[in-house]
Amino acid sequence: MTVPTLLRRSLLGAGLAAPILAVRPVFAQTQTAPQTDPENTLFLELKDGRVTIQLLPELAPRHVERIKLLTRRGFYDNTPFHRVIEGFMAQGGDPTGTGTGGSDLPNLPAEFTPPGRARFLRGTCGMARTSAPNTANSQFFIMFAPAPNLDGQYTIWGRVVAGMEAVDKIKRGQGPSGMVPQPPDRIRAMRVAADAR
């Protein structure tokens, strides 16, 4: 059994929003960012630099719209990365920092991508949820490494196209749950590229 499988089981067993995601096989990690649509690009400002995320509305239109709506409200600004597991993922988007918080909006229905179309790869972004499929709200995660055993189970909404080195420097958590001790690293700001000045 792989480490991500054990971690996922322990997180789900604790009733926590375990992060899982995928990306289409054609999405290779590149040294330079491809041409992007500003309306479907996010800038995530971290302590170690800017991360550019390409949104994937063709995979998860409702989740992409939710991420953009919350971003434009400033919801993600100063929120912590509360769960960060070495070799697996970094999870944030909970203003309470407990792993149980979210926005005031209703939960979203799942938009899972079949494994033949998308996979969990380094840099893939997805929505966290509880063990129930239709419970994604505001929490999201970014993968540090591939996790093929998790394909097709959580909603994929984006992928890092530049700045993954800043994600790699996010403060790690402790124990099987990966909860980050105080003070956690925080999202300094998140913006839709079309709105950035």
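Helices (H or I, at least four residues) and strands (E, at least two) are DSSP runs, numbered from the N terminus. The legends below use those names. This is a predicted model, where local features need pLDDT of at least 70 and side-chain atom pairs count only at pLDDT 80 or more, while totals for chains, interfaces and linings use all residues. Residues are numbered from 1 along each chain as its sequence is written, and side-chain values use heavy atoms, leaving out hydrogens and water.

**View 1**
Follow the sequence and the pattern reads α-β-β-α-β-β-β-β-β-α-β. Of the 197 residues, 51% are buried; buried means under 20% relative accessible area, exposed over 50%, and partly exposed in between (1.4 Å probe, protein chains only). The protein exposes about 8400 Å², with carbon and sulfur atoms supplying 54% of it. Accessible areas come from the Shrake-Rupley method with a 1.4 Å probe, and for residues only the protein chains shown count as cover. Among contacts (heavy atoms within 4.5 Å) between residues at least 6 apart in sequence, 75% join residues at least 24 apart.

The predictor's confidence in each residue is called pLDDT and runs from 0 to 100. The protein averages 85, and 82% of the residues score at least 70. Over residues 1-34, though, pLDDT stays under 50, and the model has 96 contacts beyond four places in sequence for this stretch. Where pLDDT is low, the predicted coordinates should not be read in detail.

**View 1. Helix 2 and what covers it.**
Just after the helix, G74 takes a positive phi of about 80 degrees.

**View 2. W157 and the nonpolar cores.**
A nonpolar core is a set of buried Ala, Val, Leu, Ile, Met, Phe, Trp, Tyr and Cys residues joined through side-chain atoms within 4.5 Å. The largest one here has 30 residues, and those with the most contacts inside it are L46 and W157. Apart from it lies another core, of 10 residues, among them F141, M143, A147 and Y154. Leaving aside residues up to four places away in sequence, W157 touches a list that includes L42, I53, L55, H63, V64, I67, C125 and F140. In soluble globular proteins, nonpolar side chains tend to be buried together.

**View 3. G158 in strand 7.**
G158 lies in strand 7 (residues 156-162). Is G158 buried or exposed? At 0% relative accessibility, G158 counts as buried. G158 and C125 are 33 residues apart in sequence, yet 4.8 Å apart in space, C-alpha to C-alpha.

**View 4. Salt bridges around E39.**
A salt bridge is a side-chain nitrogen of Lys or Arg within 4 Å of a carboxyl oxygen of Asp or Glu. By this rule the count comes to 12. One of them joins E39 and K68 at 3.3 Å, N to O. E39 sits in the loop between helix 1 (3-13) and strand 1 (41-46), and K68 in helix 2 (residues 61-73), 29 residues apart. K68 is buried at 4% relative accessible area, while E39 is partly exposed at 29%. R72 also meets E39, at 2.8 Å, N to O. R72 lies in helix 2 and E39 in the loop between helix 1 and strand 1, so this pair ties together parts that are 33 residues apart in sequence. E39, E65, K68, R72 and D195 are linked in a network of salt bridges.

**View 5. K47 and its partner D185.**
K47 lies in the loop between strand 1 and strand 2. Its side chain meets that of D185 in a salt bridge of 2.9 Å, N to O. D185 is in the loop between helix 3 (164-168) and strand 8 (189-192), 138 residues away from K47. K47 counts as partly exposed at 38% relative accessibility, and D185 as buried at 14%. Not counting residues up to four places away in sequence, K47 touches K169, I170, D185 and R188.
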